[in-house]
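Me: Please take a close look at a single part of this model. What is it packed against, and what does the rest of the chain look like around it?

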Amino acid sequence: MVLGIESSCDETGAGIVRDGKLLAHVVASSMDEHALFGGVVPEIAARAHLQAFNPVVREALDQAGLRLGQIDAVAVTTGPGLSGALQVGLAGAKTLAYAAGVPLYGVHHLAGHVAADTLEHGPLPTPCVVLIVSGGHTSLLLVRDLVREPILHLGDTLDDAAGECFDKVARIMGLSYPGGPAIDRAAREGNPRAVDFPRPLTRPGDDPYAFSFSGLKTAAARWVEKHRAQGLDLPVADGAAAVQEAVADVLTRKALAACAAYEVKTLIVVGGVAANSRVRGLAEQRCAAAGVELRVPPMTLCTDNGAMIAAVGDLLVRSGAEPAPLDVSIDPSAPLEYASLTPLPQAGAGARAA
């Protein structure tokens, strides 16, 4: 029975997993507070985690019909993420583990997103290609055994992540924060072919698996500026649809190319942007045409949550992995190498043991 804690950004999550089965899933978000500023404010996020931590954990235990003494292990995100936010989650998780007398496991946030799919579709196929798309991360991975083997990075974003691009373009177009859902809503009434936005890093000779969305963001900004300079009404729906199409095209094109190159028959798409309707729709079309199985978690498991961290913790416990030491710290900029992440404070921010 594993309790998972997530606090890397603006969601405070607690989840409980036993033998791969989800028993509880509770999330409190401070997004509305950040919307006033058009983006996440780290200090506000940390304070929100302090306020939400106990209620969220209590609700998760109630949802599962458990007491803290019935928990067998606690798993917590130790990186990457906002430093203050991570510290709140880790301090709370250490307290719970100590009070319950159970081991603590440090988990890499992105490995949590990968494991989220197991809560809906069961064990990960070996191997599988995983596309992680969120506000701060866009990565293409080759995953074999998530908790026993190193995770192979095929490609990562060189600048703006897909979700970050959506947020910035939405702001330029006068849409609300967070930008991903706002772009998705506006795009429903638009023509995705109305604007020929660039598809970054898709020309012959470009890195086949790397991503770059800063140029797309800039192209959208120039398009908006041109309309405003000429005193023209801005066709927001068309612009949103065209940007969304460009992002979905690049993501799915590269993901399917990786499946073909590595002869992998399963593509898993996870992270907040996996909730985008066009990303899902185009992935379904292209996977069906290529004979590749597509797995995408439910929308409630795509965004940051404690259930996905509990899922990694559950896998670590069942694999016989060593728990984290008592002085485990955080690593706000940790690269994804292993699912287990247990940095030590005296070794510096870059030290990791898995």
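Reply: **A covered helix and the core**

Of the contacts in the protein chain with a separation of 6 or more, 71% are between residues 24 or more positions apart; contact means heavy atoms within 4.5 Å. The model is predicted: local features need pLDDT of at least 70, side-chain atom pairs count only at pLDDT 80 or more, and totals for chains, interfaces and linings use all residues. Residues are numbered from 1 along each chain as its sequence is written, and side-chain values use heavy atoms, with hydrogens and water left out.

The protein chain holds 12 helices and 10 strands, taken as DSSP runs (helices H or I, at least four residues; strands E, at least two) numbered from the N terminus. Its radius of gyration is 20 Å, close to the 20 Å that the globule rule gives for 354 residues, so the chain is as compact as a globular protein of that length. That radius is taken over C-alpha atoms, and the rule is 2.2 Å times the number of residues to the power 0.38. Along the principal axes, the C-alpha atoms fill a box of roughly 65 × 45 × 40 Å. Buried residues (under 20% relative accessible area, 1.4 Å probe, protein chains only) make up 53% of the 354.

Now the part itself. Helix α7 spans residues 179–187 and is mostly covered, with 7 of its 9 residues buried. These are G179, G180, A182, I183, D184, A186 and A187. They pack against α6 (162–172), α9 (236–261) and α10 (277–290).

The core comes next. A nonpolar core is a set of buried Ala, Val, Leu, Ile, Met, Phe, Trp, Tyr and Cys residues joined through side-chain atoms within 4.5 Å. The largest one has 49 residues; L131, L140, F197, F213, L251 and L267 touch the most other members. Helix α7 is one of the elements that give it two or more residues, as are α6, α9 and α10. Strands β6 (128–133), β7 (138–143) and β9 (266–270) are also on that list, together with α8 (214–229). The largest share, 13 residues, comes from α9. Leaving aside residues up to four places away in sequence, L251 touches L131, V133, T138, A162, F211, F213 and V279. Another core, of 33 residues, lies apart from the largest one; V2, A116, I268 and V270 are among its members.

Technical notes
Buried means under 20% relative accessible area, exposed over 50%, partly exposed in between (1.4 Å probe, protein chains only).
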